[in-house]
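Subject: Structure for you to look at

Dear colleague,

Here is the structure I promised to hand over, with my notes on it below. Please read them with the model open beside you.

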Amino acid sequence: MSATLVVKDLTVSYGESKVLFNISVTVDACEVVACVGRNGAGKTTLLKTIAGFLKPISGTVTSNDVSLLGRASYDVARMGIKYVPQDKKVFSDLTVRENLELGSYATQDYDWQKLTTYFPKLKTLMGRKAGYLSGGERQMLMIGRAILGNPKLLLVDEPTEGLAPSIVAQLKEVFRELSRKTALVIVEQNLPLVCAIAEKVYAIKDGRIVAELTDKAAITPPMCERYL
Amino acid sequence: MIDAQLLISAVIFGLSIGSIFFLMAIGLSLCFGLMRIISLDQMLYYSLGAYITYSVSLVTGSIALGVLGGMIVAAIASFAVERLIFLRIYDRDIAFTMITSFGVLIGGVGVIKHFWGLVPRPVMVPITSQLSIVGTDVPVYRLLLIAIALLVYGGLWLFLNRTIIGKAIRAGIESVEHVEGLGINVYRLFTLTFIIAGTLSGLAGGLYAPLIMVEPQMGLEVLAFVFMVVIIGGLGSIKGTLVSAFLVGQIVSLGSLVYAPLAQMAPFAVMLLILLIKPTGLYGTAFLKR
Amino acid sequence: MLNSLKWWWGILLAFSLLAMLRLFAPLPFVNEVLLFSIYTIGCNFLLGRVGFISFGQPAYLAVGAYAAGFYLYYFGTNPYLAILLGVLAGVIVSLMVGPLFVRLRSDYFALVNLALTVIIFYLMQKVLAGVTKGDNGLWFLANIASTPLLDISRPDQFFIFALLVAIAVWGFYKYLDDTLYGACCLASKLNEDKLQFLGYSNFRIRLLAFAIANTTTALAGAMYAIYLGLVSPEIASPARAADPVVVTILGGTGTLYGPLVGALAYTGMKDVISKLIGNWELFIGFLLVFIMLAGEKGIWGTLEPRLTKALFRERNGGSGSKPGISR
């Protein structure tokens, strides 16, 4: 069976300066993969390129043997690869319900049952304008919106940044549940979370992959630290 | 002391001008809000609306048909321009698109000159009756303009707040990238918005045609005013555009009661004043860096 | 640096070529080209170096023209003094409106300048018609005294004067490019945040640039007034507001010689096109769109990199073109 995501020798630059050098990453179906690295290492750039928001100079990105390069970002999303950005931005002027409606409209998936199973709080927030949500609630909304359409891969960018520990714990469980049906690539600085749920860890430093940890036992915070 | 009748007359007059300004400015405002482009070529669709109204009404004798024809032609023209030109330049900076749209406007003026010549074309007023309001005789046609503008505002509001496409557009005004990330084809939204803008500009031209001189430069003459309405209201805000359109209409109308030549200048002075206090306009937000 | 011939050679070459044009083309044509290019270089500087697009250059043209015109109509006869007054007026107006204008976003900026043009137009045409004689304009050709050495009341001698002024203006702008200030302008256009973090005041840089550019435009206006011997509200007509922008882009935004090339092409085309097609707007509109879609570099903008590469290849041993003035 072909892998859900294969990135090979990806090189990306912002204008004249190169940011990613020959990145190669593999994600199998329903696998939880983590990308760790310091600020500016290039993690967000990697996710954005996969999602179709940035164009690489060279390299390939395929999903189940279908190339993602050259496609518009909404095309990539339609293929079942959803990007959850770092900025925790939801459509402030729209209500939570309307935010979800947009997600449903795009994917034609109107089954919100699964969302409320993962995030029961959303049910009570339906009528509220998204601009008034807290950071944690926004994150829930973003992920909830992204899982409509049952994507095969979720690219999540620093989900726990700035969130309270209780919400982080909740997210950990949600990711665990999600990984039963969806592959996850999580970019994180929160090493304990990542090491608890990831089956594979890529360490990125200065735009290059410096380590690939596949042995579950070896994935511990100190181990990751070593490579950063 | 200004005569009360004259005042009422001037206020209605101002509201009717404001209605036309609104219909024209809303196109500019929407296009900026969603696509971050300054679409000066909206003035071209305004002119086309007026000219088609003239030609069609000449043949059929009906202004209503003329306005409808004007809207259709404006829609087609804006669709063509969006697909051929703007599609290629959405990612460029705002000054670039402004200059390009200006080129389209100028070229369009040339096209109009080619087909209709330089001589101003008169369009007859379809309704010449008057209504008595608080003792003053007011032209019904002007009241019709106000009614249409309010209807359009209401229609737009319903569209943006009650339909899923409208909500997608509102979401896009906040962040195009996030809408894309959901899997929605934003370029179709752009085209739709552009066509709506062009059609409304065409409507404005058709409705205004009986009241003004329909001549090739009409789009250029009104450009400064429309742009100013949008700036005072704040680019990207629908409510702001309505408020400032009526405001500018009143300034021009009441201003001409006081001192005629000043009336043309006053709105610009007001704009400068507003920009001094709030550099993004009354309702605008600082969406962009310079 | 300024003293070396090497620094001046480009400017001297360009204007020698223009002077030679005098032999082939009618005098009004070359005068028009010279004046128009001085008019445009201010807009070119604003757009290409500082990143401001202004649809309101006629405002400053009018300021310079009317200042010179008022003096010559009501007070005196010395054309040089008139020009000086025009320049002064340009400085004053720029510094009056500048502090508000340069704070605005680029699209708002374009518009407020257009607004200023409309205001000045109506001021001159209607409101102050008492002193400006409205649409009839102020006629003062007879008032201009003959000046010693170079009698600029005569078109052929005016040409020489204009040529000298142009050389001086170009020298000034080239010098500006070479200074730290010039670099600051460009930096302000490209990344105002970074510049701010470096400790520079974007506002001050832009205000100065605004004043420089519009004073140059006022200079052109004053010279137009002398050349035509009259000034009328027509000079502030909003309909002509886009002319400098079009010429700037046509020639090549941000290049030193763009305004010259653009003015030459534009004035030349105007005559030819008007005779052939007669539909000026159609032509200029499509041309503008074409240029923008084709890469917005303009005539000189496309030619210059190639020329410098070809000319300097031997000298530098193929290490590339000389440090760019243009972008």
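Helix 11 of chain C is followed by C:Gly252, whose phi is positive, near 130 degrees; helices here are DSSP runs of H or I with at least four residues, strands are runs of E with at least two, and both are numbered from the N terminus. Please keep in mind that this is a predicted model, in which local features need pLDDT of at least 70 and side-chain atom pairs count only at pLDDT 80 or more, while totals for chains, interfaces and linings use all residues. Residues are numbered from 1 along each chain as its sequence is written, and chains are lettered from A and ligands numbered from 1 in the order in which they are written.

To stay with helix 11 of chain C, nine of its nine residues are buried, so this helix is largely enclosed by the rest of the structure. A residue counts as buried if 20 or more other C-beta atoms, placed from the backbone, lie within 10 Å of its own. Among the buried residues of this helix are C:Asp243, C:Pro244 and C:Gly251.

Helix 11 (243–251) also belongs to the side of chain C that touches chain B, where helix 5 (106–127) and helix 13 (280–293) of chain C likewise give two or more residues. The largest share of that side, 13 residues, comes from helix 5 of chain C. By type, the residues on the side of chain C that touches chain B are 26 nonpolar (Ala, Val, Leu, Ile, Met, Phe, Trp, Tyr, Cys and Pro), three polar (the others, Gly among them) and seven charged (Asp, Glu, Lys and Arg). The contact as a whole takes 36 residues from chain C and 37 residues from chain B, two residues being in contact if their C-beta atoms, placed from the backbone, lie within 7 Å.

As for chain B itself, this chain has 11 helices and two strands, and of its 290 residues 56% count as buried. Residues 24 or more positions apart account for 75% of the contacts in chain B with a separation of 6 or more.

Chain A holds an open sheet of four strands in the order 2-1-4-5, with antiparallel pairing; two strands pair if DSSP finds at least two bridges between them. Strand 2 (17–27) and strand 5 (66–67) of chain A stand at the edges, each with a single partner strand, so one side of each is left without a neighbour in the sheet. Strand 1 (residues 5–14) and strand 4 (residues 58–63) of chain A run antiparallel and are joined by four bridges, and A:Val7 stands opposite A:Val61 in strand 4 of chain A.

With best wishes

Terms used:
Buried ≥ 20, exposed ≤ 12 C-beta atoms within 10 Å, placed from the backbone.
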